[in-house]
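Here's a quick tour of a protein model to read with the structure open next to you.

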Amino acid sequence: MGLTEWVFLFFLCLCSSSINSKPTAKHHVTANDRPIIGILTMIVMDKDLKPFGETFIAASYVKYMESGGCRVVPIKLTLTDSEYENIFNKINGLLLIGGAIDIETSEFARVAKIFYKLALEANNKGDYFPIWGTCLGMQLLTALVAGKDLLSITPAENDMMPLNLTQEAYTSNMFADFPSDMLTAVAKEPLTGNFHKYGMSVTTFQGNEDLRSFFSILSTNMAHNGVEFISTFEGKKYPFYGVQWHPEVSCYKWSRNKNVPHSPNAVRLTALLAGFFVNEGRRSLHRFDDIEEEEAALIYNYQPVFIGNISGHEQAYFFRNST
């Protein structure tokens with residue numbers, strides 16, 4: 001075979017490879033193989049848990065993030081604004097967890113707002129920084145974007161539900177890597193655990209320009225009182241994601257008093273979402289200045305406490321304001 005024939009064959013191979021290759025989703029762009037996700041601590045409201053500390057993180061959230069391939073830094077509620085900015089510049093994403101506190105006046109909301117503003121500024125400058133909100137965390141994201149609490153009573157307490165996926169879900173970042181059979185399962189099987197009284201109604205969302213222009217609705221569900229609420233959304237411009245349900249519970253919550261999906265597909269859903277958000281964190285180049293500082297900040301410096309006999313959580317990390 002002559003030189004001309006070899007060149008022609010090589011060209012055909014290149015064309016074939018280009019035609020058959022799948023476009024790479026934008027969140028596949030990875031640059032950081034040691035991502036660290038910050039988790040904002042939640043105020044202890046249960047009187048039975050108050051002897052352990054003033055704030056806590058249910059261990060299920062930590063394990064959920066770690067299962068995606070990252071490490072976790074707990075973020076306390078008693079630091080200064082400059083200390084929060086310093087932490088922001090060291091971590092690669094933020095998880096806002098569920099709970100039962102005021103989304104406008106609580107310390108949790110105040111600190112979340114600091115990180116939200118820092119994330120907006122960073123992303124506007126091309127400094128990628130993702131935020132994930134679960135349950136109350138999602139509700140808080142709506143208040144931060146709208147500038148006020150617009151929640152409605154949308155009771156779906158102790159319920160397992162399939163997701164009513166919107167058309168935008170099929171072109172979303174969150175579900176981009178879901179196999180087709182998994183998307184079908186999410187839409188048909190009760191894979192999501194719901195434990196909430198309030199939520200963002202579809203009617204309220206559609207009537208607010210700030211929310212409508214900021215988020216894309218990926219799924220909805222119907223509350224016990226007949227109100228349709230948003231169960232999953234993602235930012236149109238910013239890598240901010242919210243779920244009204246709890247993806248972490250399928251693998252890490254075992255209370256017999258809770259309706260938690262533990263089916264193979266429910267566990268698969270947990271893994272897919274954990275991997276997705278951690279991969280979003282991989283796009284952030286924030287890092288600690290040295291190994292000693294990094295190691296001192298990690299959740300490994302704290303010991304989880306078994307609270308399954310007095311709480312719906314099996315384990316939790318507790319933090320005292322004085323330490």
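Are Trp132 and Phe277 buried or exposed? Both Trp132 and Phe277 are buried. Keep in mind that this is a predicted model. With that said, here's the rundown, starting with the rings and working out through the sheet, the helices and a loop residue.

**Aromatic pairs**

- The count of aromatic pairs comes to 16.
- Trp132 and Phe277 make one of these pairs: their ring centres are 5.7 Å apart and their planes sit at 65°, so the pair is edge-to-face.
- That pair ties together distant parts of the chain, with Trp132 in strand E6 and Phe277 in helix H10, 145 residues apart.
- Phe175 and Phe178 are also edge-to-face, because their planes stand at 80° with the ring centres 5.0 Å apart.
- Phe175 is buried at a relative accessible area of 3%, and Phe178 is buried too, at 8%.
- There's also an aromatic cluster, made up of Tyr116, Phe214, Phe215, Phe233, Tyr238 and Phe240.

**The sheet**

- Eight strands make up an open sheet with mixed pairing, and the order to trace is E4-E1-E5-E6-E12-E11-E10-E8.
- The edges belong to strand E4 (71-75) and strand E8 (164-165); each has a single partner strand, so one side of each has no neighbour in the sheet.
- Strand E5 (residues 94-96) runs parallel to strand E6 (residues 131-134), and three bridges pair them.
- In that pairing, Leu94 sits opposite Ile131 of E6.
- Strand E10 (residues 215-222) and E11 run antiparallel and are joined by seven bridges.
- Across that pairing, Ser216 faces Glu234 in E11.
- E10 and E11 make a hairpin with five residues between them, and Gly226 in the turn has a positive phi of about 85°.
- Most of strand E11 (residues 228-235) is covered, with seven of its eight residues buried.

**The helices**

- Helix H4 (residues 107-124) lies across strand E1 (36-40), E4, E5, E6 and strand E12 (240-243), and its direction makes an angle of about 140° with E12.
- Which residues of helix H6 (residues 180-188) are buried? They are Met182, Leu183, Ala185 and Val186.
- Looking down the axis of H6, those buried residues fall within an arc of 160°, so they line one face of the helix.
- The face of H6 turned away from the buried side carries the exposed residues Ser180 and Lys188.
- The cover over the buried residues of H6 includes E8 and helix H10 (264-282).
- In helix H2 (residues 59-67), the buried residues are Ala59, Ser60, Tyr61, Val62, Tyr64 and Met65.
- After H2 comes Gly69, with a positive phi near 100°.

**Cysteines**

- How many disulfides are there? The count is zero.
- Cys70 isn't in a disulfide, and its nearest cysteine sulfur, in Cys251, is 14 Å away.
- Cys70 is buried, with a relative accessible area of 8%, whereas Cys251 is partly exposed, at 21%.

- Where is Gln244? You'll find Gln244 in the loop between E12 and helix H9 (249-252).
- Despite that loop position, Gln244 counts as buried, at 1% relative accessibility.
- Leaving out residues up to four places away in sequence, Gln244 touches Cys135, Met138, Gln139, Asn194, His196, Tyr198, Gly199, Phe229, Ile230 and Ser231.
- The C-alpha atoms of Gln244 and Thr192 are separated by 9.4 Å, although these residues are 52 apart along the chain.

How values were computed. Residues numbered from 1 in each chain as written. Predicted model: local features only at pLDDT ≥ 70, side-chain atom pairs only at ≥ 80, totals over all residues. Heavy atoms only, no water. Disulfide = S-S within 2.5 Å. Buried < 20%, exposed > 50% of the residue type's maximum accessible area, 1.4 Å probe, protein only. Pairing = 2+ DSSP bridges. Helix = DSSP H or I, 4+ residues; strand = E, 2+ residues; numbered from the N terminus. Contact = heavy atoms within 4.5 Å. Axes fitted to C-alpha atoms, helices over the stretch in contact; angles between N-to-C directions. Arc of directions from axis to C-beta. Phe/Tyr/Trp six-rings, centres within 6.5 Å; stacked < 30°, edge-to-face > 60°.
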